Amino acid sequence: MFLVITYSTAARETLRNVCRSHEDSVVRRFGQAALFDRSEFGAFCALRLRAKHGGDVQVERTEPLNEFEPTYERVRAAAAAYEERDSPYTPYERFATGTDHPSPGEMRAREL
């Protein structure tokens, strides 16, 4: 998919118009941003905005997250365990202390 983020009023207006005109290519709209499908036309819409508004439009290609890839196993296990904690008021850092789950600092330092 193509994530389009707008940084000016004019670019947001054009994004809104493109999304209304080509609803079939829009996966999701977020106000000043939108996700276009992975088709050539989705790329066309995204790049058209960039061509018209230059630096006021950022375009990124995205991939859906497959949380079951081995790369994410440690993080997925930590997230699941944290959501099943005894008290909903326990912050994650305190929850992870003394367990095999990674600390917030470890997770911030490790790129996927």
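Leaving aside neighbours within four places in sequence, Ala 96 is in contact (heavy atoms within 4.5 Å) with His 101 and Pro 102. The model is predicted: local features need pLDDT of at least 70, side-chain atom pairs count only at pLDDT 80 or more, and totals for chains, interfaces and linings use all residues. Residues are numbered from 1 along each chain as its sequence is written, and side-chain values use heavy atoms, with hydrogens and water left out.

Ala 96 belongs to helix α4, residues 92-96. Helices (H or I, at least four residues) and strands (E, at least two) are DSSP runs, numbered from the N terminus. Ala 96 counts as buried because its relative accessibility is 5%. Buried means under 20% relative accessible area, exposed over 50%, and partly exposed in between (1.4 Å probe, protein chains only). Ala 78 is 18 residues from Ala 96 along the chain, with 8.2 Å between their C-alpha atoms.

The protein chain holds 5 helices and 4 strands. From the N terminus, their order is β-α-β-β-α-β-α-α-α. The C-alpha trace spans about 55 × 30 × 25 Å along its principal axes. Buried residues make up 29% of the 112 residues.

The largest nonpolar core has 14 residues. Such a core is a set of buried Ala, Val, Leu, Ile, Met, Phe, Trp, Tyr and Cys residues joined through side-chain atoms within 4.5 Å. Val 4, Leu 15, Cys 19, Phe 36 and Leu 49 touch the most other members. At least two residues of this core come from each of β1, α1 (9-21), β3 (33-36) and α2 (40-53). Another core, of 5 residues, lies apart from it; Ala 78, Tyr 82, Tyr 92 and Phe 95 are among its members.

Tyr 82, Tyr 92 and Phe 95 also form one aromatic cluster. Ring pairing applies to Phe, Tyr and Trp (its six-membered ring) with centres within 6.5 Å; planes under 30 degrees apart count as stacked, over 60 as edge-to-face and the rest as tilted. The whole structure contains 4 aromatic pairs. Arg 85 lies over the face of Tyr 82, at 3.8 Å from the ring centre. The criterion is NZ of Lys or CZ of Arg within 6 Å of the ring centre and within 35 degrees of the ring normal.

Thr 6 lies in strand β1, residues 2-6. Thr 6 counts as buried because its relative accessibility is 0%. Its side chain reaches the backbone oxygen of Gln 32 at 2.7 Å. Not counting residues up to four places away in sequence, Thr 6 touches Ala 11, Arg 12, Leu 15, Gln 32, Asp 56 and Val 57.

Terms used. Polar contact = N/O pair within 3.5 Å; in protein donor to acceptor, adjacent residues only side chain to side chain.
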